[in-house]
Amino acid sequence: MLGHADSCLCIDLGAIVANWRYIDSLSAPSTVTAAMVKANGYGLGAAAVAGALAAAGCGEFFVASLDEAIALRQHLDEVGHPEPHIMTLHGCHIGQEEAHAQHRITPVLNDLEQLTRWRLFSQKIAEKLPALLHFDTGMTRLGFDPDQTDWLIQNKAAYDGLAVRYIMSHLVSGEVIGAPITTQQLAAFNELRSWFAGVPASLANSAGSLLPNPYHFQMTRPGIALYGAHPADCPTDKLQPVVRWHARIMQLRRAKAGDRVGYGGTHLLTRESKIATVGVGYADGYDRQLGGKAIVQIGDKHAPVIGRVSMDSITVDVTDLADGDLVSGTADLLHAGYDVPRMAADANTISYEVLTRLGPRPARHYLKP
């Protein structure tokens, strides 16, 4: 499986499809379940992920930028899925209008300047172009701010000639149970909807998708949950794990008590030891903070990562493993006993970052649905 690479991500597309179907089952039949495939499908490969989901019936995909959208459109066209809508969360910037239209990309319009340019371009080519309107209800990030929202409510002719597919907003803390801001945002979004009667609405990210139906509206937009992690990194048996990470054991060596391991000699051996050097490091996306914390699996045994994580390698104490346990020649970095949320906790981060920081160097191997 490793081939020419020294580590490999084994990605279960069937598990991603199953997670999408599970999230879809939580909403009313009339609610569309989209898929976030930005950041190269959260590090796992947008083309492969979107292709599997499109084959399973997903018709709505979100990416961040136009370059991501064009690459995804070209792939879906090539594999025979030209129908899905692809939306750019960052909107349509100056000079991107023609490319959005040419590649059938729908921008999420985040302010009046984007809205005006997209409408004028629509008029120029005499075509009613699609768009989503994004309103800020508390994130203070992207989206029409309160003043622009009030102006647009009073001047709806500003989007005449556009096919507004959805109005949308984004939850601040949907993963935090009982967070007051979440109910406040729901109330604000419902009030906003009253001014755009008849336009479908979308509020729920992964966290919102797991909240009750009043948050789901006409479209949910799950991201991290598709890839097997709860948005709050809570343990869950509702979402299937999606990825395992294997790496090559490059060398086994004996070391004496008193020897030090790795850069800075931060790990002092207190016994005669057997050390495995494994071909993965921070250049692959294996976080430096995992040194002295993470656990790998070799065969059916676990062994600790010791010393500092290097650019291209880690060191593992395999003293307690028999030689027969090491015949596979590989170590599992992500596995059933050490999943993405646990790796995230040991790296003092979140599952989103663990996945999206995976570098191009690990090979990708896909298990098809």
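**Before you start**

You are looking at a predicted model, in which local features need pLDDT of at least 70, side-chain atom pairs count only at pLDDT 80 or more, and totals for chains, interfaces and linings use all residues. Residues are numbered from 1 along each chain as its sequence is written, and side-chain values use heavy atoms, with hydrogens and water left out.

**Stop 1: the parallel sheet**

Colour the strands. Helices (H or I, at least four residues) and strands (E, at least two) are DSSP runs, numbered from the N terminus. Two strands pair if DSSP finds at least two bridges between them. Which order do the strands of the open sheet follow? The 9 strands run β2-β10-β9-β8-β7-β6-β5-β4-β3, with parallel pairing. Select 32–33 and 35–36 to see the edge strands, β2 and β3, each of which pairs on one side only.

Now pick out some neighbours inside the sheet:

- Select 85–88 and 105–109: these are β5 and β6, parallel strands joined by 3 bridges. Thr88 has Pro107 of β6 as its bridge partner.
- Select 163–168 and 201–204: β8 and β9 run parallel and share 2 bridges. Here Ile167 is opposite Ala201 of β9.
- Look for Ala204 opposite Thr220 of β10.

**Stop 2: helix α6**

Select 112–124. This is α6, which lies across β6 and β7 (130–134) and runs at about 145° to β6. The angle is taken between N-to-C directions on a scale from 0 to 180 degrees, with axes as lines fitted to C-alpha atoms, for helices over the stretch in contact. The 13 residues of α6 reach 18 Å from first C-alpha to last, close to the 18 Å expected at 1.5 Å a residue; that expected span is 1.5 Å times one less than the number of residues.

Show the side chains next. Which residues of α6 are buried? They are Leu112, Gln114, Leu115, Arg117, Trp118, Arg119, Phe121 and Ser122. Buried means under 20% relative accessible area, exposed over 50%, and partly exposed in between (1.4 Å probe, protein chains only). The buried residues of α6 pack against α5 (97–102), β6, β7 and α7 (146–154), where contact means heavy atoms within 4.5 Å.

**Stop 3: Thr31**

Centre on Thr31, in the loop between α1 (13–25) and β2. Thr31 is buried, with a relative accessible area of 6%. Beyond its neighbours within four places in sequence, Thr31 is in contact with Asp24, His216, Phe217, Gln218, Met219 and Thr220.

**Stop 4: the nonpolar cores**

A nonpolar core is a set of buried Ala, Val, Leu, Ile, Met, Phe, Trp, Tyr and Cys residues joined through side-chain atoms within 4.5 Å. Select Leu53, Phe61, Phe62, Tyr286 and Ile314: these have the most contacts inside the largest core, which has 76 residues. Apart from that core lies another, of 29 residues, including Leu133, Val164, Phe196 and Leu211.

Zoom in on Phe61. Leaving out residues up to four places away in sequence, Phe61 touches Ala35, Val37, Ala50, Leu53, Ala54, Leu72, Leu76, Pro84, His85, Ile86 and Met87.

**Stop 5: the salt bridges**

How many salt bridges are there? The count is 15, a salt bridge being a side-chain nitrogen of Lys or Arg within 4 Å of a carboxyl oxygen of Asp or Glu.

- Select Arg248 and Asp6, whose side chains meet at 2.8 Å, N to O. Arg248 is in β11 (243–255) and Asp6 in the segment before β1 (7–12), so the pair ties together parts 242 residues apart in sequence.
- Select Arg244 and Asp332, with their closest N and O atoms 2.9 Å apart. Arg244 is in β11 and Asp332 in β18 (330–334), so this pair ties together parts 88 residues apart in sequence. Arg244 is partly exposed at 31% relative accessibility, while Asp332 is buried at 10%.
- Select Asp320 and Arg271, which form a salt bridge at 3.1 Å, N to O. Asp320 is exposed at 63%, and Arg271 is partly exposed at 34%.
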